[in-house]
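Have the model open beside you as you read.

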Amino acid sequence: MAPPSSHHYFLLFIIFVSVISHLPCEAQQRPSDFKANALVLPIHRDNATNLYVAKIYKRTPLTPLPFVIDLNGRFLWVTCDHEYLSSTYHAPPCHSSRCSIANIHWCRTCTGSPSRPGCHNNTCGLVSFNPVTHRSGPGELGEDVLSIQSTDGSNPGPVFTIPRFLFACAPSFLVQGGALPTGVQGIAGLGQTQIALPTQLTSHFGFQHKFAMCLGESGVLFFGGGPYMMRPGIDISQSLSYTPLIISRQGEYYIGVRSIKINNKLVPVNTSLLSMDPHGFGGTKISTVVPYTILETSIYKAVAQFFANETSTIPRVDPVAPFGLCFNSTSLGSTRVGPGVPNIDLVLHTDRVIWRIVGSNSMVQVKENVSCLAFVDGGHAGVRTTTRSSIVIGAHQLEDNLLQFDLTTSRLGFSSSLLYRRTTCSNFNFGSSP
């Protein structure tokens with residue numbers, strides 16, 4: 001046979017170039033020695049439910065699936081009853097090391113035939129919980145591919161994959177009933193547990209055990225350390241205040257609020273309610289699935305009455321449930337940080353560390369010409385909550401505030417309103433994604 005000619009080599013080179021040019025962009029742009037120091041995930045608010053949703057790529061082939069973000073959720077769960085199609089799904093057997101990582105010590109038997117994702121015998125049983133409906137259901141521990149984009153803090157970068165991400169296969173009734181956004185497949189839990197999303201990402205990639213959250217109509221989740229850049233070129237990580245982060249036995253996130261001020265004046269509340277007792281009652285929890293901050297009844301009454309006294313010159317209107325104090329919004333005036341109302345300050349571990357809640361976070365427009373104080377009475381019949389906390393800081397109060405959860409040092413970094421810095425949580429530069 002004649003040796004290959006230069007013409008043959010040229011043809012081989014053309015074929016090679018053609019193949020490379022058609023590879024997915026992340027495969028082309030990720031060098032073999034590239035290390036992910038941080039990851040990024042876009043999120044958005046669903047206006048029908050006021051819940052926050054992220055599309056996470058899972059399975060083989062990779063499929064974008066919408067999940068509700070639950071700051072205190074114990075793990076990621078997804079419905080597997082119908083149309084879970086993946087060539088890389090695996091259910092770890094009972095008493096395996098994967099089940100030990102998930103702290104699961106009971107076996108599950110499924111009577112379905114043939115075996116399918118969510119229904120195998122001799123697998124690790126796992127109960128999933130819907131924090132919106134407060135319903136739970138049994139399923140199995142599963143593992144499959146998960147893909148997420150890296151970042152340098154300013155722009156999105158190459159895509160990385162975890163081949164054996166642990167999660168729960170949950171029954172489909174947990175997403176039914178209309179309480180969740182249309183099309184949502186499950187809950188992405190960010191709580192402090194071994195198989196929560198931040199913990200698995202940290203373990204797999206070896207970066208700092210931190211994550212940061214910035215909620216808004218569109219927003220962003222960062223996994224790993226900063227910078228956290230928002231247009232126009234503002235590094236939010238350089239201007240955070242810090243307070244101790246308290247982790248409950250369930251892996252939920254609390255902070256220590258010592259007192260509450262309105263207009264720089266102390267609100268008279270029973271301060272014993274502000275501390276968590278040895279049984280887990282009281283204290284201040286942070287939540288992404290509670291739309292508005294919930295206050296224990298006596299605290300709510302004190303805050304609402306004090307706020308009413310400080311705004312006595314603003315015309316009132318009839319309350320709109322679930323709120324108890326509403327105003328004629330045409331009389332509020334406006335500032336750079338929202339309606340012109342007194343600031344509400346949560347005084348944290350020292351008098352010098354204050355989480356300031358400005359007008360854009362303390363008020364909500366409920367209908368034309370009507371704005372209400374965006375806090376609700378935890379004892380009101382229309383407020384559904386199973387929390388044992390005295391205060392649950394809700395999502396409306398978190399919007400356009402960047403929160404950094406440092407799980408190594410157990411501290412919370414917080415920015416207060418980004419509107420002071422003339423930026424918002426919508427201003428991360430996803431536009432240059434590869």
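This is a predicted model: local features need pLDDT of at least 70, side-chain atom pairs count only at pLDDT 80 or more; totals for chains, interfaces and linings use all residues.

Residues are numbered from 1 along each chain as its sequence is written, and side-chain values use heavy atoms, with hydrogens and water left out.

**Salt bridges**

Searching the whole structure turns up eight salt bridges; the term means a side-chain nitrogen of Lys or Arg within 4 Å of a carboxyl oxygen of Asp or Glu. Among them are these pairs:

| Pair | N to O distance |
|---|---|
| E399 and R45 | 2.4 Å |
| D351 and R258 | 2.9 Å |
| R356 and D345 | 2.8 Å |

E399 and R45 form a salt bridge, and since E399 sits in the loop between α7 and β30 while R45 is in strand β1, the pair ties together parts 354 residues apart in sequence. (Helices, H or I of at least four residues, and strands, E of at least two, are DSSP runs numbered from the N terminus.) E399 is buried at 13% relative accessible area, and so is R45 at 19%; buried means under 20%, exposed over 50%, and partly exposed in between, with a 1.4 Å probe and protein chains only.

**An arginine without a partner**

R59, in the loop between β2 and β3, is buried but has no salt bridge. The nearest side chain of opposite charge (Lys and Arg count as positive, Asp and Glu as negative, with His and the chain ends not counted) is D144, 5.7 Å away. Its contacts (heavy atoms within 4.5 Å) include L65, Y84 and D144, leaving aside residues up to four places away in sequence.

**Strands**

Strand β10 (residues 210-214) has five of its five residues buried, so the rest of the structure largely encloses it. It pairs (DSSP finds at least two bridges) antiparallel with β30 over five bridges and with β11 over four. M213 stands opposite L403 in β30 and opposite L221 in β11.

Elsewhere, four strands make an open antiparallel sheet in the order β20-β21-β27-β26. β20 and β26 stand at the edges with a single partner strand each, so one side of each has no neighbour in the sheet.
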